[in-house]
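Student: Can we go through this one from the start? I have not looked at it before.
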Protein chains: 4
Amino acid sequence: MAGDGKLVRVAVAGATGYAGAGCVRLLLGHPNVQLAAVGSRTQAGRTHAAVYPGSNCDHVLVESINAADCDVVISALAPGDAARQAPAWLSQGAVVVDVSADFRLKSADTFANWYGGPHPCPDLLSQAILALPELRPDEIPGASLLALPGCFSTAAILACGPAATHHLIEPEVVVDGKTGVSGAGRSAASAYLFTELNESVKPYAVTGHRHRPEMEQVLSELSGGPFSVTFVPHLVPMTRGIELTCYLRPREGVTLEQLRSLYRDQYEGAPFVRLSEQPVPSKQTSYTNLCWLSLEQQGAHFVVSAVLDNLGRGASSQAIQVLNLRFGLDPRAGLGGDTQWP
Amino acid sequence: MAGDGKLVRVAVAGATGYAGAGCVRLLLGHPNVQLAAVGSRTQAGRTHAAVYPGSNCDHVLVESINAADCDVVISALAPGDAARQAPAWLSQGAVVVDVSADFRLKSADTFANWYGGPHPCPDLLSQAILALPELRPDEIPGASLLALPGCFSTAAILACGPAATHHLIEPEVVVDGKTGVSGAGRSAASAYLFTELNESVKPYAVTGHRHRPEMEQVLSELSGGPFSVTFVPHLVPMTRGIELTCYLRPREGVTLEQLRSLYRDQYEGAPFVRLSEQPVPSKQTSYTNLCWLSLEQQGAHFVVSAVLDNLGRGASSQAIQVLNLRFGLDPRAGLGGDTQWP
Amino acid sequence: MAGDGKLVRVAVAGATGYAGAGCVRLLLGHPNVQLAAVGSRTQAGRTHAAVYPGSNCDHVLVESINAADCDVVISALAPGDAARQAPAWLSQGAVVVDVSADFRLKSADTFANWYGGPHPCPDLLSQAILALPELRPDEIPGASLLALPGCFSTAAILACGPAATHHLIEPEVVVDGKTGVSGAGRSAASAYLFTELNESVKPYAVTGHRHRPEMEQVLSELSGGPFSVTFVPHLVPMTRGIELTCYLRPREGVTLEQLRSLYRDQYEGAPFVRLSEQPVPSKQTSYTNLCWLSLEQQGAHFVVSAVLDNLGRGASSQAIQVLNLRFGLDPRAGLGGDTQWP
Amino acid sequence: MAGDGKLVRVAVAGATGYAGAGCVRLLLGHPNVQLAAVGSRTQAGRTHAAVYPGSNCDHVLVESINAADCDVVISALAPGDAARQAPAWLSQGAVVVDVSADFRLKSADTFANWYGGPHPCPDLLSQAILALPELRPDEIPGASLLALPGCFSTAAILACGPAATHHLIEPEVVVDGKTGVSGAGRSAASAYLFTELNESVKPYAVTGHRHRPEMEQVLSELSGGPFSVTFVPHLVPMTRGIELTCYLRPREGVTLEQLRSLYRDQYEGAPFVRLSEQPVPSKQTSYTNLCWLSLEQQGAHFVVSAVLDNLGRGASSQAIQVLNLRFGLDPRAGLGGDTQWP
């Protein structure tokens, strides 16, 4: 479809949320893509540009996406909504790239435990691929239903995945996450008012966050055995950005230099993952698809810090990265954004 | 001195930094204190009110504090400066309460390792008391040289101390800290410009922060054996506040309910330490002497979150709290500030 | 009531909004006051402390205030609600201090134009006193229905009032206001999410803001003739604080020194209004009842800058200031908060 | 040079400040440009990427720019430094685009008054063109020394210029500005620490800011007679962005609709100036070259609000916009950045 020079026709469902609108912006600037349709249940009938700040997209929002005219639907809907619509999109022949959580977990029971109800289409779970562009790139090209890991999970998997795969660490890690407020989305909620959050930091989901089972599932798969994660996220007074500090226990005799060497090999040639000798401020990734990692040791722990933009690499731009891989496009196409500082 | 109704005469050295100026403000409102002198090497000759935003203190700043007219000197100087001046103050008969790091560590070698040079007066180290108002209150009344633990250490010790003392946990913890920018002080530095920090979070001192040996020293003393801490602090775009999330491993068979029960007992009657059933936003402690703790479990870890104001309970108001204990005053005197929200 | 040493019994209606909760906090620390009752329509039945972050108030919230047991009701309700309840409170013999907008405007028609509907009790408008503690203090002691000017209006009146009264300026001013987000209250609204506001500034109500008729009404009364105000407020990414820059045209021959001299005389002895030779950052007033003014000249204009805390002097603490004046208490009672910096 | 398809060779002096580094980033992505050299007095010898956060520029920084190999030097130096080096660059045949203030004012005396000393090369002032891409585009193509107006001036001229040119307003305006902190640059200064600025707004340069004579010079030229500006800027706790609210007095009989019609005509086809029916938040322009204007009326004033990114349209991207015009390139080349929200 793309190899032959035709434009990939892409629709975006949930196009007026932060993640969906980010996809729209990137797709408009993508040289190999035609934006086919944009959907919004609440804003249907108005143009995207009339609804979303700074948008240049003149498409009229539709209530639901008709996938017959698309090669791919990127879904950025609330939990459950993608699962309710995906079967129709797939049956119309479209590829589905889901930014939400509906197709990440392999187990319908686990989904039900964490998302408060039965999965709308459990039969699709076995078919869905959790896309890991750097760690399992070969799974992506043939897939028709691609789930993106959550923003925290993306960071944790990039930070711990190579060490888990190659058994340099014990199969249990502590992951302490910090996120900007946009992770909570764009819906009105007094808890996310400026006044309630500025000049403050706090942990949440202390007994368990929905991204934890994703992390454990992937790291178990990569390591070939049970892998446990203790994960506590924190809300930080900023709009964008995630920083994860991961505390890993080296296997007997494993050195920091071995760890660094492995990561250099793993991510060599990966355009969007970079290693730093200094901890990297999360702002260095804002509005980009980059993930920066730094690897250090303190006492008995390896300390791996990962930073990325929760709405970029953690959502919108990762969707484009996966789309590029899926359709055989240049991996960097439409994703050229470098760091804008400050 | 205070028991007889006389005012305690207090001088503040380093009165134009954030910690020192915070002490000045509290002392001016303290019913049992007379502010005797305020010192500043760089601003001597001007009034405090002319130099510090919003100050009501009309004292003229002096270059160095003469302790002959004081009952106590609160020192909020740069590392090393308090140690150079403390011997003179002590010989003049004053009590010294040091907000800086000069008298926290028992070992002069450890000090030299972390602070880049030999200790100016190592002989005083054995005499100094590291003040822990809630955990070792009895040490304070008779002491002449009192060191305050650092802001992170205060939070870590309040969060982990009871569990360490009573051996409910393994003697090693992971402590992930987040701090507002004021922890870096008031000196010009491009790294702490608004533009470099807003909309960003990052770890620092990843291979070891100066507060780590304090935490390990105290938790080892409390537990009666070696105790290791892995501690990574993070800079968050806010002015005040610290949040620590501590990952503790329960000893075999110890339950969360046992942990909570211990902490309830430990802090019962303590006016400034409170337990919450929900994680507490750091802003809830801003401009107060409060430390809020929440205790939860996730998988194999107890998760203890502590929040406090790094310039309040982490510096200025803790100095007043210790002064109150030292001189037999009402523990709450001069410290009445409740939460101002938002 | 207070002159005889008895405590003034105060109820707060709307006690879980920012302005009402600020009153509750101040009243709990007020030496001459007994907090009699706290009201909240949405949270009735729970304690204030259970509902509001950091509150130490253990009173159970009631659905509506019974004023029979109070000397005064401070009302911090939504527009219209105070007007609906004030007649009952007054008939029960209580003084009413209204933080909302219901009794500020003298004209029921003007109220209807700006607040979208007829005034619930227009007969009370002639009886209401718009409290100006520094400029018309004599009106307050005998009043039973006291309205506070809005936060912007308070700043504008303190900034322009003396010049208007004494005809040093032409009767028309440009007032450019900047406010923290808390001016919008604590209700959920996507427009006030952290993510929508951080790193951004914008004007609003450009064709006219509700505080404009208040400013014009008071400045006309003070100057004894028509007085026009062009006022544009701007939303700034901070929680608290207002800055107004007022552009005044001197009457022929009037000098800056005359203006400054007038303001020094006007505010001499006023504990909460201060003149500065430098522009003052709004943060210097946070959590205080202070208003700082600076007076300068640029070309053809006097430039008067006023800063205050929109929730302090602009709401809660001004209510206490007025209460003190009304009941003959020490003007500073319960309002001692000095600047906490940073 | 460009019309023939050759790349324009561009050097950037002052490449490690915010404005210069922004130019470097844009030039690296510009299809018609070759980045020829980057200069930094303090960081010479290191690569740009090693010095500036997130930079992808591997050029080694040189102490001073040799213009012999360049078609154009973009200078983003401190005041006075561009004027000291420009004569050499011009004599080497390069075009100079100066982001600093050295060549904006026509009068050497005015420069001396506002910048604290005599102009280093007053003879060049008459030769310099103050670039106004939308209002005086014809002056740019033939110029060899091009000055950019300051960030505030750019906004004020775009906001008031058409009305001044066509005499729809009286020749005096009040301009109230709000700026992010990056306007102060990247040098260490305690006044711009995060801790001193967050949660605060304040005016500065109240008696006159350096951009005021620029505004008056240009608006006088455009209107063909004396034009006075009263301008007060304010520092707002954000990194990027400027909002100006301009208070204009209509000439007798001029209506808002006439004003709007004029601006629609003036900016029709201009790719970077847009008119909005609502006030626009400054964040909508962050990292873009856009300037949004809104035009309203309140009482006796037209109220024109302008927002732009002080480091984008106010510095770096405007330099590229002018470079494009000077060399006959596509006006949008290298400037494609759309709004990224939030």
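Tutor: Two residues are in contact if their C-beta atoms, placed from the backbone, lie within 7 Å. The model is predicted, with local features needing pLDDT of at least 70 and side-chain atom pairs pLDDT 80 or more, while totals for chains, interfaces and linings use all residues. Residues are numbered from 1 along each chain as its sequence is written, with chains lettered from A and ligands numbered from 1 in the order in which they are written.

Student: OK, how many residues of chain D are in contact with chain A?
Tutor: 17 residues of chain D, and they meet 17 residues of chain A. The chain D side has seven nonpolar, seven polar and three charged residues. Here Ala, Val, Leu, Ile, Met, Phe, Trp, Tyr, Cys and Pro count as nonpolar, Asp, Glu, Lys and Arg as charged, and the others, Gly among them, as polar.

Student: And chains A and B?
Tutor: That contact takes 42 residues from each of chain A and chain B.

Student: Which element gives the most on the chain A side?
Tutor: β9(A), with four residues. Elements giving two or more residues there include β9 (228-235) and β10 (242-250) of chain A. Helices (H or I, at least four residues) and strands (E, at least two) are DSSP runs, numbered from the N terminus.

Student: What classes of residue are on that side?
Tutor: On the side of chain A that touches chain B, 16 are nonpolar, 17 polar and nine charged.

Student: New topic: how is chain A divided?
Tutor: Into domain 1 (8-127) and domain 2 (152-309), with bounds from an automatic or database domain assignment. Their C-alpha centres lie 26 Å apart.

Student: How many residues of domain 1 are in contact with domain 2 in chain A?
Tutor: Eight, and they meet seven residues of domain 2 of chain A.
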